[in-house]
Amino acid sequence: MASNGTMNSQVCQVCGDNIGLDANGEPFVACHDCGFPVCRPCQQYERDEGSQCCLHCKAPYRRYEGGPADEVEENADPNFEKVEATGYEGEGYRADSFNDSEINNAETKDGSIKGVAWKERVESWKSKKSKKKTVASKTVNEGVPEQTGDPEVAEAMMAEAGQPLSVIIPIPRTKLQPYRMVVIMRLIVLGLFFSYRVLNPVESAYGLWMTSVICEIWFALSWILDQFPKWTPINRETFVDRLSLRYERPGEPCELAAVDFFVSTVDPLKEPPLVTANTVLSILAVDYPVDKVSCYVSDDGAAMLTFETMSETAEFARKWVPFCKNFNIEPRAPEFYFSLKVDYLKDKVQPNFVKERRAMKREYEEYKVRINALVAKAHKTPDEGWIMQDGTSWPGNNTRDHPGMIQVFLGHTGAHDVEGNELPRLVYVSREKRPGYQHHKKAGAMNALVRVSAVLTNAPYLLNLDCDHYVNNSKAVREAMCFMMDPEVGRNVCYVQFPQRFDGIDRSDRYANRNTVFFDINMKGLDGIQGPVYVGTGCCFNRQALYGYGPPAAARPKASRGCLPSLCCCCCCCPKSKTIDPKKSAPQEDLNAAIFNLQEMQSYDDYERQLLVSQRSFEKSFGQSSVFIASTLMDNGGVPESTNPASLIKEAIHVISCGYEEKTEWGKEVGWIYGSVTEDILTGFKMHCRGWRSIYCMPKRPAFKGSAPINLSDRLHQVLRWALGSIEILFSRHCPLWYGFGAGRLKWLERLAYTNTIVYPLTSLPLIAYCTLPAICLLTGDFIIPTLSNLASIYFMLLFISIIVTGVLELRWSGVSIEEWWRNEQFWVIGGVSAHFFAVFQGLLKVLAGIDTNFTVTAKASDDNEFGELYAFKWTTLLIPPTTLLVINLVGIVAGFSDALNNGYQSWGPLFGKLFFSVWVILHLYPFLKGLMGRQNRTPTIVILWSVLLASIFSLLWIKIDPFLGPPETPTLQKCMAIDC
């Protein structure tokens, strides 16, 4: 080390004055990281007016001063070689290596630094800085990690940390502009087409013509609702490395926000426990600080099988989590990792990887055997009920009448992994259920998790997954945080939605399970407006948005008496009154003191006390839990360290009691919204009405993957549930057609998109009618279109060309393949004439007559036989309408050809027009026909009987119509005039 005299004799490399001494008589040191010689006035100026960091190493200036630098990190000798930091060691960069002789070489005998070489480098760095604009805010500087000392590296790191965490990548104009022009042209052609159709009725088949025109007008309106929300599609790109540079500084506590994961399950016999366990294991192994991750598993069926599975999973996680992190495993769900048919040695350089992988695979197979044994035992319930290992009776033996249950398996006070490291928290939750209470199915279970997590961990962000959706990208949480933690973008973001991707789907995707058109086209379009809709899984929420608060930048809605300010939605049902937002006005530094006693607020003034002591308003909105109410006021989440874990568990049991939500705003304005089986659409819609926006995040590696019902009947039942939820919203007060106009925060294109999501089941009625018209025309000889003139032929040609060109250009900017688009079109017809049709009538029965339909959990695939479920046939009434349409159109085609052969050459022209529409119907229903055939291409007996019945009916109808024979020739009677006639 240099002596005090040496340091005192140094000159400031900025102004040239002597460095001087500090208040303690020691040589003044501006930067304790690199010891770069700067005097006090220059350092103070840099802190007040400049970049607030060292000119040499870019380290932020500390708030205290004094004390000599420990070492000099930069050598003045240009020939000096040093070891630069090339990677991470532990949690920080590896420091540069210097020895005493190298440090001494940096100084001359008189103690001054070699001025020529050093000043040249400083001046060179200053000239580069003046040419490049760098971010000079303290927020950015706090995210700069310890630098190596090289000015160029320091500048690069500084610039990288100051860059945005995400960017919007607009669709190229060369792709988007032609698409928009064709859409406008299609609108013009539609106007000309309908003018011709309306002004030229078919007098001989007026009923058929009128039906077809009504159907076509509805189809045009549906296309407009679907098309214009795709007017401004965008892509986004995230930078997780910048997130680490900004919030994970070496040697300092991690500043990344905590995240609570929610996993919901109901019936372990329909949702295999091993599938749920893989989802939980992938969450526990995410690439995120372990103290920032908590996983809450909601068992809404109170099954002891699920509880024991979580216990086994917690034990296996002690081995699986360190294995994933040590070898950077992807994906981190063991079932899917070990089943990958790829080279698992790719990019693996550790010599012990093969040995560790074999050992871990053996451990996982033993774990699977234990889970399978639990499943086998669960199929036969003992007469006396289930007994736990300690000999006590399982509290959930009666699934409809049991107390609330919470068990913390892992966490800050739980078991560590095999390497002694801390594991994320794993919490099992089963809310209380009693007869006579409305539990609201999945939405109620999710709200229970919101309250439990707020009491135990209170992370500012929540990420919910279905039990069959595992984390496929270990950096998925960081992807979401690139939006949520961005100070410019994240303040108005209510949730970040990831696309759904699926495993186990047949290569041709017969029933459009991937839903690529929706996730890769429609959702990108919505992201360019106010954000994508919430699809129920793979979504990271801002907890404050779930509490019913509006975004910070939005003006608060005015609420009525008894409503918590900012919780009352933007509907016009509340009278206008002057209110204040309690959360945004509360001083956050005093909230910890008030966490368990909201009455101790003597330090607050009258205005603040009026806001925070409004206990009745808070309890009416959030329920009677002072702990939970206080947690809602904490923007950054967290619980006080001094809290007693036992008291928190007791409070968590209280907030999941079945009567907790009574006379509160839960399910109305707070949490997941009740009133529909598709609570996801309704919940996201309410947030957008309050002024929030959402983000669509599509990382290159899919964030999450799940399973989908590839069986035809299961797929139709899934679509039926979605459509039924849309009908429920359509006839509720939350209908986008009239809800939320008061505040004007929902953009009109976003409203069109939400309107489309709730009215699309109604398209089933005109769709069934339109698919029936070709068969009727073939059977009766009539047609819905009159004889075409040359101008009318041009209209029809332009319409078909515009439809084709619109689809082609849409596929061009979205990247969706034509096969995926065609599968989507086919299943739009299949679902429209079956599940959507039944959903309309079930919804009407529920709204008008109060007849509720049972919610059936979609069975998750667990068959080891690949695509075995694809060929399984399960009879359901949903198959009747499409089967009928197939039969009558096939009969119609046969009748049409027979009629043409009977009547000669002149009848073939009209026949081709009728055949075109009939073949269009059959081609769209072709995947449905293949589903009826099964694996051996053999139609099941019940389908044969149904087809024979329908064929018989239409045969009798055909005989009644009798188109082959003309009118009977009556003999001509001649008037007899003669006597012998």
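The questions and answers below go through a predicted model of one chain and the reasons for the labels given to its parts.

Q: What makes up the chain in terms of helices and strands, and how much of the chain counts as buried?
A: The chain has 33 helices and 15 strands. Of its 981 residues, 52% count as buried. Among contacts between residues at least 6 apart in sequence, 77% join residues at least 24 apart.

Q: Why is Thr306 called buried?
A: Buried means under 20% relative accessible area. Thr306 has 5%, so Thr306 counts as buried. The residue sits in helix α11, which covers residues 304–327. Leaving aside neighbours within four places in sequence, Thr306 is in contact with Thr265, Pro268, Asp299 and Tyr428.

Q: Why is Ile681 called buried?
A: The relative accessible area of Ile681 is 17%. The cut-off is under 20%, so Ile681 falls on the buried side. Ile681 belongs to helix α23 (residues 679–689).

Q: What does Ile681 touch, not counting residues up to four places away in sequence?
A: Ile681 touches Val533, Tyr534, Ile729, Tyr754 and Thr757. The C-alpha atoms of Ile681 and Gly536 are separated by 7.8 Å, although these residues are 145 residues apart along the chain.

Q: How do you know that Cys697 is in no disulfide?
A: A disulfide is a pair of cysteine sulfur atoms within 2.5 Å. By this rule the count for the model is zero disulfides. For Cys697, the nearest cysteine sulfur is that of Cys482, and it is 7.8 Å away. The distance of 7.8 Å is not within 2.5 Å, so Cys697 is in no disulfide.

Q: Why are Cys697 and Cys777 called buried?
A: Cys697 has a relative accessible area of 2%, and Cys777 has one of 1%. Each value is under 20%, so each of these cysteines is buried.

Q: Which residues of α16 and α27 meet, and how do they divide by class?
A: Asp520, Ile521 and Lys524 in α16 meet Glu810, Trp813 and Ser814 in α27. The residues of this contact divide into two nonpolar, one polar and three charged.

Q: Where in the structure is Ser802, and why is it called buried?
A: Ser802 is in helix α27. Its relative accessibility is 7%, which is under 20%, so Ser802 counts as buried. Not counting residues up to four places away in sequence, Ser802 touches Val182 and Arg186. The C-alpha atoms of Ser802 and Val182 are separated by 6.7 Å, while the two residues are 620 residues apart along the chain.

Q: How do helix α24 and helix α25 cross, and which residues make the contact?
A: The axes of helix α24 (residues 712–730) and helix α25 (residues 748–759) come within 7 Å and cross at roughly 115 degrees. Ser726, Ile727, Ile729 and Leu730 of α24 make the contact with Thr757, Ile758 and Val759 of α25. By class, this contact has five nonpolar, two polar and no charged residues.

Q: What is the span of helix α28, and what is expected?
A: Helix α28 (residues 818–832) has 15 residues and reaches 21 Å from its first C-alpha to its last. That is close to the 21 Å expected at 1.5 Å a residue. The buried residues of α28 are Arg823, Gln826, Phe827, Val829, Ile830, Gly831 and Gly832.

Q: Which residues does a cis peptide bond join?
A: A cis peptide bond joins Glu330 and Pro331, with omega about -10 degrees. Pro331 is in the loop between α11 and α12.

Note on methods: Residues numbered from 1 in each chain as written. Predicted model: local features only at pLDDT ≥ 70, side-chain atom pairs only at ≥ 80, totals over all residues. Heavy atoms only, no water. Helix = DSSP H or I, 4+ residues; strand = E, 2+ residues; numbered from the N terminus. Buried < 20%, exposed > 50% of the residue type's maximum accessible area, 1.4 Å probe, protein only. Contact = heavy atoms within 4.5 Å. Nonpolar A, V, L, I, M, F, W, Y, C, P; charged D, E, K, R; others polar. Expected span 1.5 Å × (residues − 1). Axes fitted to C-alpha atoms, helices over the stretch in contact; angles between N-to-C directions.
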